[in-house]
Amino acid sequence: MTQKAILLIATAFGALSVMIGAFGAHALAPMLRATNRVETFETAVKYQMYHTLALLAVGLLLFKIEHPALQIAAWAFLIGIIIFSGSLYTLTMTGITWLGAITPIGGTALIVGWAALFYAVLKAL
């Protein structure tokens, strides 16, 4: 993935985090309260934003560091956001509870992203 693609994805995911969070706080609020899923939805939004910022950091680090582990980190954060937050968003809006079983796969990808980022910084600086 190119540095430009990483930075564009991160900025798009940042905007989406704000939009989805606002949508949940306003348009979806009654449904989320009725299904007792407010906390789950908020977790999805928080993790999306946190890892969007991590993805942005990876893109910015590419100005200084060229290490293959940064590519692994970028892909892991991207995949992790989609699977972790995406499964929680879908669960909160559809009530399909088995989706909670794939959420840890996304969480594992996020952990891999942090480990790869750690390794890249350790080896390159």
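Glutamine 71 is in contact with Met1, Ile6 and Leu62, leaving aside its neighbours within four places in sequence. Glutamine 71 lies in helix α4 of what is a predicted model. The chain holds five helices and zero strands, and 39% of its 125 residues count as buried.

**Glutamine 71**

- With a relative accessible area of 25%, glutamine 71 is partly exposed, because that value falls between the 20% limit for buried and the 50% limit for exposed.
- From C-alpha to C-alpha, glutamine 71 and leucine 125 are 16 Å apart in space, and 54 residues separate them in sequence.

**Overall layout**

- The order of elements along the sequence is α-α-α-α-α.
- The C-alpha trace spans about 50 × 25 × 20 Å along its principal axes.
- The accessible surface of the chain is about 6,900 Å², and carbon and sulfur atoms account for 72% of it.
- Of the contacts between residues at least 6 apart in sequence, 77% join residues at least 24 apart.

**Helix α4 and the residue after it**

- Helix α4 covers residues 68-94, which makes 27 residues.
- From the first C-alpha of α4 to the last is 38 Å, close to the 39 Å expected at 1.5 Å a residue.

**The nonpolar core**

- The largest nonpolar core is made of 27 residues, and Val58, Leu70 and Phe77 have the most contacts inside it.
- At least two residues of this core come from each of α1 (3-25), α3, α4 and α5 (103-124).
- The largest contribution to this core is that of α4, with ten residues.
- In soluble globular proteins, nonpolar side chains tend to be buried together.
- Phenylalanine 77 touches His51, Ala54, Leu55 and Val58, and also Leu110, Gly113, Trp114 and Leu117, when residues up to four places away in sequence are not counted.

**Helix α3 and glutamine 48**

- The end C-alpha atoms of α3 are 35 Å apart, which agrees with the 34 Å that its 24 residues should span at 1.5 Å a residue.
- The buried residues of α3 are Phe41, Ala44, Val45, Gln48, His51, Thr52, Ala54, Leu55, Val58 and Gly59.
- Cover for these buried residues of α3 includes α1, α2, α4 and α5.
- Glutamine 48 lies in α3 and counts as buried because its relative accessibility is 5%, where buried means under 20%.
- Not counting residues up to four places away in sequence, glutamine 48 touches Phe13, Leu16, Ser17, Ile20, Ile81, Ser85 and Tyr89.

**Helix α5**

- Helix α5 has 22 residues, and its reach from first C-alpha to last is 32 Å, close to the 32 Å expected at 1.5 Å a residue.
- Buried residues in α5 are Thr103, Gly106, Gly107, Ala109, Leu110, Gly113, Ala116, Leu117 and Ala120.
- The cover over the buried residues of α5 includes α3 and α4.

**Loop residues**

- Leucine 28 sits in the loop between α1 and α2, and is buried, with a relative accessible area of 11%.
- Apart from neighbours within four places in sequence, leucine 28 is in contact with Phe23, Phe41 and Met93.
- Leucine 28 and methionine 93 are 65 residues apart in sequence, and their C-alpha atoms are 8.6 Å apart in space.
- Asparagine 36 is in the loop between α2 (29-34) and α3 (38-61).
- The phi of asparagine 36 is near 60°, a positive value in a residue other than glycine.
- Asparagine 36 is exposed, since its relative accessible area is 68% and exposed means over 50%.

**Nonpolar surface patch**

- Ile96, Trp98, Ile102 and Ile105 form a nonpolar patch on the surface, with about 400 Å² of accessible area together.
- Isoleucine 96, one of these residues, lies in the loop between α4 and α5.
- Isoleucine 96 counts as partly exposed, at 34% relative accessibility.

Note on methods
Residues numbered from 1 in each chain as written. Predicted model: local features only at pLDDT ≥ 70, side-chain atom pairs only at ≥ 80, totals over all residues. Heavy atoms only, no water. Helix = DSSP H or I, 4+ residues; strand = E, 2+ residues; numbered from the N terminus. Expected span 1.5 Å × (residues − 1). Buried < 20%, exposed > 50% of the residue type's maximum accessible area, 1.4 Å probe, protein only. Core = buried A, V, L, I, M, F, W, Y, C linked by side-chain atoms within 4.5 Å. Contact = heavy atoms within 4.5 Å. Patch = residues over 30% accessible without salt bridge, like charges linked within 9 Å, V, L, I, M, F, W, Y side chains within 5 Å. Areas by Shrake-Rupley, 256 points an atom, 1.4 Å probe, with all protein chains shown as cover. Salt bridge = Lys/Arg side-chain N within 4 Å of Asp/Glu carboxyl O.
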